[in-house]
Amino acid sequence: MKTQTTRRQFLGTSAVGVATLWLGRPAAQASATAAAPSETVNVGLIGCGGEGRAVATAHQGLPDARIVAVCDVNKARLEEAKALFEKSGGGSTVAAYDDYRRLLDRKDIDAVIVATNDHWHVLPTIHACQAGKDVYVEKPLGVCIAEGQAAVKAADKYQRIVQIGTQQRSWPHYQKAAEIIQSGQLGIITEVRVWDFDCMYPGFGSPPDSDPPAELNWDFWLGPAPKVPYNPNRYNHFYWFFDYGGGWQVDWAVHHYQVVHWFLQTKGPISAAAMGGFYCFENTNTEWPDSFVGICEYAPTPVAPKGFVLQYTFSGAARRQRRSHAKCFYGTKGSMLIDRSGFTITWEAGENREPKDETTVENEFKKNTHVTSLQAHARVFLDSIKSRQKPPADVLVGHQATNPGHLMNIAWKLGRKIHWDPEKEEIVGDSEAAALLSKPYRAPWKLEV
């Protein structure tokens with residue numbers, strides 16, 4: 001039996017209520033076509049790549065936000081973003097900067113979107129908090145756990161709203177799924193399997209070092225990372241280098257880990273182990289493995305009273321799974337497979353259900369554009385700015401969701417299981433592993449709050 005929940009049944013309200021579920025803002029306000037100037041949030045964009053432009057476009061598409069400034073160390077991207085937001089903003093002038101600190105100096109900017117490459121997520125977030133700006137920062141929250149801790153400290157010290165860009169946290173079908181799991185309908189959860197499958201064969205190659213493109217300030221792009229010659233892979237595929245990212249087990253999987261923590265009401269794992277290597281990429285100069293499996297153990301929670309295991313798998317060799325970026329929660333009464341397209345529950349035998357019985361709920365954003373799907377999260381951010389209430393995907397939640405991937409990576413580098421105290425945020429009994437919680441910064445950059 002396959003049960004299809006309709007969009008109207010799922011929301012229980014009219015369609016315009018989607019983007020305002022969390023803070024209870026009336027649907028009539030969400031559907032307004034204009035906002036008074038005093039209600040408009042002026043936003044600056046730091047990092048004008050594809051995702052940065054998409055997130056900023058989602059904000060500008062709402063009636064009470066406008067993009068007033070953009071920043072990038074790549075002049076070509078900067079010019080494209082300036083032209084894009086001037087056109088979509090009805091011709092209003094958009095300022096352009098090649099140094100985000102100059103953007104932060106502007107008193108008329110209320111909030112910023114930080115959508116840089118990963119190793120530049122935290123410093124602009126901290127500096128924005130110090131400048132009195134609220135922040136929407138893309139995941140992951142830093143390239144080491146110490147960076148995430150610093151971002152959390154900055155948001156608290158300067159009393160700023162900081163939301164991480166895990167937009168699934170604001171989507172109705174994930175909220176519905178959380179209710180189902182937390183109500184005990186799936187029974188006791190014992191395991192969660194998470195995966196990212198993609199066909200990247202044969203990899204990115206090993207191009208030689210060269211002079212950077214004329215439009216790129218390579219030294220500023222490197223920032224706090226070690227000074228090295230420009231290489232196209234370092235710039236275009238930064239996720240796969242130790243100094244700029246954490247592989248997909250950090251970058252993509254933060255989306256997954258946040259959902260697991262939310263659904264199962266936990267702050268983080270108590271141990272981590274991992275293995276992986278280069279099994280499909282050919283002649284590559286990248287550093288994180290193309291095939292990776294990590295396992296985290298979690299202490300008991302109300303939904304998993306005996307604790308549970310999270311298993312993460314990344315494959316760069318094949319996109320075998322039809323649902324290639326997904327997770328499955330295994331319970332004693334049923335299992336839930338969930339991704340951005342919706343979720344399906346397969347019930348165990350008993351309780352008048354056959355083993356093949358299924359319940360399916362589809363994502364109402366499924367047929368919409370990426371920008372449209374981002375607007376629900378943008379709506380929550382803007383409402384949080386106005387209410388001064390922390391959003392569900394606030395900086396602490398984002399930091400805790402980034403930690404499992406970092407812990408797996410530390411375990412992989414050392415080749416052994418490590419133990420983590422999620423309350424104290426410390427590695428237990430392993431000084432060599434604890435030393436990998438932070439990274440040195442290249443002068444003059446400092447990780448200071």
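These notebook entries concern the salt bridges of a predicted model.

Entry 1. I began with the total, and the count came to 19 salt bridges. I then looked up individual pairs and the exposure of their residues.

Entry 2. I looked up D219 and found a salt bridge to K227, with the closest N and O atoms 3.2 Å apart.

Entry 3. I turned to K417, which forms a salt bridge with E297; their closest N and O atoms are 2.9 Å apart. K417 sits in the loop between helix 13 (395–414) and strand 16 (418–421), while E297 belongs to strand 10 (residues 291–298), so this pair ties together parts that are 120 residues apart in sequence. I recorded K417 as partly exposed, at a relative accessible area of 42%. E297 is also partly exposed, at 30%.

Entry 4. I next examined R416, whose side chain meets that of E432 in a salt bridge at 2.8 Å, N to O. R416 is in the loop between helix 13 and strand 16, and E432 is in helix 14 (residues 431–434); the pair therefore ties together parts that are 16 residues apart in sequence. The relative accessible area of R416 is 32%, hence partly exposed. For E432 I noted 47%, again partly exposed.

Key:
Residues numbered from 1 in each chain as written. Predicted model: local features only at pLDDT ≥ 70, side-chain atom pairs only at ≥ 80, totals over all residues. Heavy atoms only, no water. Salt bridge = Lys/Arg side-chain N within 4 Å of Asp/Glu carboxyl O. Helix = DSSP H or I, 4+ residues; strand = E, 2+ residues; numbered from the N terminus. Buried < 20%, exposed > 50% of the residue type's maximum accessible area, 1.4 Å probe, protein only.
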